[in-house]
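Dear colleague,

I am passing on the structure we discussed. Please look it over first; my notes follow below.

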Amino acid sequence: ALWGVSRLSRIAKLDAELGRKLVHISLGLYCLTFPFVFSQAWEVALTCALALGVFLLARGTMRQSLGAGLHGVKRASYGELLFAVSVALLFWLKDGHHIALVHDRGQSGPVLYIVPILILTLCDAASALVGSLYGRRIFRIEEGSKSVEGVVVFAVTAWLVSLIAFLLLTDIGRGEVILLAFITAAFGALLEAASWRGLDNLFIPLGLYFLLANLMPQEALVYPLYY
């Protein structure tokens with residue numbers, strides 16, 4: 001993905017923000033398959049450690065061949081490094097290490113992993129692209145600035161994404177799903193609006209994990225034994 005987007009950025013002269021988000025979406029969609037491919041947390045941790053090594057190479061000696069799609073933007077960001085850390089932590093946490101699950105009812109399902117990664121992958125990219133192209137109402141954050149338009153797009157897309165995910169991955173009632181998706185979207189948008197230097201790649205997935213782990217019914221977080 002890094003090599004392909006780097007080549008495409010040079011050939012098609014892509015906008016720097018677009019190239020970075022293409023890498024972001026590609027890697028995010030790839031990481032969504034982890035619960036269906038890997039069974040042990042150490043396997044994902046090793047994969048993410050290898051990814052960190054590649055990202056560091058893309059920042060240094062292989063910046064031209066691998067890093068053109070990631071580091072074309074002028075702002076300083078550690079987003080890709082934090083993304084790998086978040087994926088490893090979420091995969092470990094998804095089995096409910098910090099929530100009281102009724103383990104004898106079944107095995108923890110992937111919803112606590114998939115929803116945060118899905119929102120980070122799609123909604124963060126949509127927010128950045130819309131904000132950079134159409135943002136007019138600008139507000140300052142710790143470092144730099146963001147746009148109200150970008151935050152609104154994040155919230156709307158996060159509501160739609162989480163709504164679909166909850167309906168497909170859980171047995172929660174439709175009324176509760178609408179409310180839970182709204183809370184998830186609003187909280188995620190606030191985290192995105194307050195983040196800088198790529199910290200949203202850490203704050204959003206982990207923040208949403210702990211939010212959902214505490215708000216969702218226990219029955220929605222487990223796979224019944226007959227699955």
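In which helix is the place of Ser-6? Ser-6 lies in helix α1, which covers residues 2-12. Please keep in mind throughout that this is a predicted model.

Ser-6 counts as buried because its relative accessibility is 0%, and the cut-off for buried is under 20%. Between the C-alpha atoms of Ser-6 and Val-23 there are 9.1 Å, with 17 residues separating the two along the chain.

Overall picture

The protein has nine helices and four strands. Their order along the sequence is α-α-α-α-α-β-α-β-β-α-α-α-β. Of its 227 residues, 47% are buried. Taking the contacts with a separation of 6 or more, 73% come from residues 24 or more positions apart. The accessible surface is about 11600 Å², and carbon and sulfur atoms hold 66% of that.

Helix α5

Helix α5 runs over residues 79-93. Its 15 residues should span 21 Å at 1.5 Å a residue, and the end C-alpha atoms are 20 Å apart, so the two values agree. The helix is mostly covered, with 12 of its 15 residues buried. Among the buried residues of α5 are Leu-81, Leu-82, Phe-83, Val-87, Leu-90, Phe-91 and Leu-93.

Helix α6 takes in residues 111-134. At 1.5 Å a residue its 24 residues should span 34 Å; the end C-alpha atoms are 33 Å apart, which agrees. This helix is mostly covered too: 17 of the 24 residues are buried.

The axis of α6 comes within 9 Å of the axis of α9 (residues 200-215), and the two cross at roughly 140°. The crossing is right-handed. On the α6 side the contact is made by Leu-112, Val-115, Pro-116, Ile-119, Leu-120 and Asp-124. On the α9 side the residues are Asp-200, Asn-201, Ile-204, Pro-205, Leu-208, Tyr-209, Leu-212 and Ala-213. Sorted by class, this contact has 11 nonpolar residues, one polar residue and two charged residues.

Cys-123

Cys-123 is placed in α6. What is the relative accessible area of Cys-123? The value is 0%, so Cys-123 is buried. Leaving aside residues up to four places away in sequence, Cys-123 touches Leu-118, Phe-154, Thr-157, Ala-158 and Val-161. Cys-123 and Glu-192 are 69 residues apart in sequence, and their C-alpha atoms are 9.7 Å apart in space.

Helix α7

Helix α7 (residues 148-169) has 22 residues. From its first C-alpha to its last it reaches 31 Å, close to the 32 Å expected at 1.5 Å a residue. Its buried residues include Phe-154, Ala-158 and Val-161, and these three are also among the residues touched by Cys-123. The elements against which the buried residues of α7 pack are the helices α6, α8 (174-194) and α9, together with the strands β2 (138-140) and β3 (145-147).

Regards

Technical notes
Residues numbered from 1 in each chain as written. Predicted model: local features only at pLDDT ≥ 70, side-chain atom pairs only at ≥ 80, totals over all residues. Heavy atoms only, no water. Expected span 1.5 Å × (residues − 1). Buried < 20%, exposed > 50% of the residue type's maximum accessible area, 1.4 Å probe, protein only. Axes fitted to C-alpha atoms, helices over the stretch in contact; angles between N-to-C directions. Left-handed = near helix turned anticlockwise from the far one by under 90°. Contact = heavy atoms within 4.5 Å. Nonpolar A, V, L, I, M, F, W, Y, C, P; charged D, E, K, R; others polar. Areas by Shrake-Rupley, 256 points an atom, 1.4 Å probe, with all protein chains shown as cover.
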